[in-house]
Amino acid sequence: MKIAVCIKQVPDSDKVTIDRTTNRLNRAGVPAIVNPFDENALEMALKLKDANPGTTVTVVTMGPPPAAEVIKTAVAHGADGGVLICGREFGGADTWATGYTIALAIRKLQEDGGPFDLVLFGKQATDGDTAQVGPGIANNLGLPCLTYAKSCEVAGGDAFRVVRMTEDGTEEWEVQRPCALTVVKEAGELRIASLRGKMKAKSYQPPVWGVEELQPNPDFIGLKGSPTRVSKVFAPPVKSNREKFSGTPAEQAAALVERLAARQLV
Amino acid sequence: MNEIWVFAEQRDGKLESVALELLSKGRELAAKSGYRLAAVLLSENGEALAPELFAYGAQKVYRLDDPRFAYYQNDWWSEAFVSLVREKGPEIVLVGATTVGRSLAPTAASILHCGLTADCTRLDFDPETKLLLQTRPAFGGNIMATIVCADTRPQMATVRPNVFKKEPLPGAPSGGELVNVPVDLSGVPCRMKRLKVVKEGGDDVNLAEAKAIVSGGRGLGSPEKFSLVRELASVLGAAVGASRATVDAGWISPLHQVGQTGKTVCPKLYVAVGISGAIQHLAGMQSSDTIVAINSDPNAPIFDVADYGLVGDLNEIVPAIVAAVKARRGA
């Protein structure tokens, strides 16, 4: 079986701060990590690899040259290899252009090495939180897509049995092979990198593909290929009537319940 | 005439609340733009749902009725939805950011090659440029970004449940135009099928749609102290949430986790008990309407986003709130 996992390098959101004069991210000094949900997707792929000998796991990412690090990280944890999509032309891509571009790379991987049985994504990335790129890539590849998958097993020759999370429980689905899944945290924490994996990752250099290799429609990539535009960025409105109560617990509680009653919340 | 569409999501023949919230907001956008407000209903035997959509302001309901729309299946639904968009050409399409909407909207936008903005917390119409102004939090809510789609149509946006208020039209229901749309899905393969549905936990875990949530954090000190959170949740009719720290420590099931790696919620009332307010938690709850924080540390970051802060020992404050709510009800 052949599995592709799309991963993204994101700033560690626990350590991010904002420059309040420019409303831009202070990127300097903020560690870059693999998007946490993409780690869960990678773990799902590695579980399938454990259960199905001969399976290969290929990671795909798009970003500036340092994003090669997330591929090396994935290799350390057990992925077989990966590819970095990189080039100035891809900069400023929104979710539509990103979905188009990454799908091109997956197609090229398939031309070179045969079709993927499964393409996995984290349910969303913690920097944008859109949850749009996975379904977008799936559509570009013509694959059926299930979102919020927590487990995936091979069911017979041509199908997967997938459990997905919903608002109030789970659903079990059967989906034809090949297919695409977006993966939730419940799929499991990424296993620890083995010593052998770390050694392999140390010397591994992923191929880097740009417009030369992918031959995209220039109108569909980067800022130019992005239907959405950011027209304004501003600080979130500060709640003006914030109140901090003082006094005994009973006094504070009474004050709170009075306010909540005025807002018809109790 | 130009139209604003609301995806009227139904499950088991019942409309999702977020669809009615979007219609309520859609009326405002319709008034500003002069566009007509329409709901798009994919269902099996869903005729009974149209009057409810009219009651919330839909001037028109496109109804697609087919056994294949009994439950959400991405291939069929996105194909039918996209065909209708192509045929009618709406200016704006609004979709609830549920597990269904977050499958349908990105698939449809990808096919239609149009812009899609996720999880908007504010929507406005600029009469000058005729653009939908889609505002959403970015980078964990640290900044707000207004997004526009100048060149592609429709302008698509998703909105989470509870962000907008659900308001029926005032006065007697007046009805509207019901358009029965023929469904042709011949040649669209069925590549996936649902085998089983399992509802988990009680009502207290559906955080996405809860009107009120009481969440516990590490400040509780021990897993047993979640009983305080549950008691307060019970008197407030709230669901129970939790911080990542308590879930990681195994104090409570991950289903309850609020935050960037858990669930993003926006209830009318959010009560944070013993939660200090790490960015990743704030990202998951700070668009809640009214936020109450209870913490022993007066400098905890949670107080920066809280409408009401209570400083002190949660072991005393929480029971005091429970008592005060009960006393008020009894009075």
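This is a predicted model: local features need pLDDT of at least 70, side-chain atom pairs count only at pLDDT 80 or more; totals for chains, interfaces and linings use all residues.
How do the residues of the lining of the second largest pocket divide into nonpolar, polar and charged? The division is 18 nonpolar, 11 polar and 11 charged.

**Stop 1**

Next, colour three elements of chain B: β9 (131-138), α7 (279-285) and α8 (302-305). Each of these supplies at least two residues of the pocket lining. Then show domain 1 (3-180) and domain 2 (203-330) of chain B in two colours. The second largest pocket lies between these domains, because both give residues to its lining.

**Stop 1: the largest cavity**

The structure holds 7 cavities of 30 Å³ or more. The largest has about 460 Å³ of space. To find it, select A:K123, A:Y148, B:T99, B:G262 and B:K263, which are the closest to its centre among the 27 lining residues. By class, the lining of the largest cavity holds 11 nonpolar, 9 polar and 7 charged residues. Domain 1 (3-180) and domain 2 (203-330) of chain B both contribute to this lining, so the largest cavity lies between them.

**Stop 2: the second largest cavity**

Now select A:T95, A:W96, A:Q132, B:P106 and B:S110. They lie nearest the centre of the second largest cavity, which is lined by 16 residues. Two or more lining residues come from each of α3 (95-113) and α4 (133-141) of chain A, and likewise from α4 (101-112) of chain B. The most come from α3(A), which gives 4 residues. This cavity has a volume of about 100 Å³. Its lining has 7 nonpolar, 8 polar and 1 charged residues.

**Stop 3: a pair of helices**

For the last stop, select helix α7 (residues 249-262) of chain A and helix α9 (residues 314-330) of chain B. Two packed helices are described by the angle between their axes and the distance between the axes. Here α7 of chain A and α9 of chain B pack at an angle of about 50°, and their axes are 8 Å apart. That angle makes α7(A) oblique to α9(B). Is the crossing of α7(A) and α9(B) left-handed or right-handed? The crossing of these two helices is right-handed.

Key. Residues are numbered from 1 along each chain as its sequence is written. Chains are lettered from A and ligands numbered from 1 in the order in which they are written. Side-chain values use heavy atoms; hydrogens and water are left out. On a 1 Å grid over the protein atoms alone, a cavity is a set of points where a 1.4 Å probe fits but cannot get out, and a pocket is an open set with protein on both sides within 12 Å along at least five of seven lines; lining residues have an atom within 4 Å of a point. Grid points are joined across faces, edges and corners, and a volume is the space filled by probe spheres set on the points. Ala, Val, Leu, Ile, Met, Phe, Trp, Tyr, Cys and Pro count as nonpolar, Asp, Glu, Lys and Arg as charged, and the others, Gly among them, as polar. Domain bounds come from an automatic or database domain assignment. Axes are lines fitted to C-alpha atoms, for helices over the stretch in contact, and angles run from 0 to 180 degrees between N-to-C directions. Angles under 35 degrees count as roughly parallel, over 145 as roughly antiparallel, 65 to 115 as roughly perpendicular and the rest as oblique. A crossing is left-handed if the near helix is turned anticlockwise from the far one by less than a right angle, and right-handed if clockwise.
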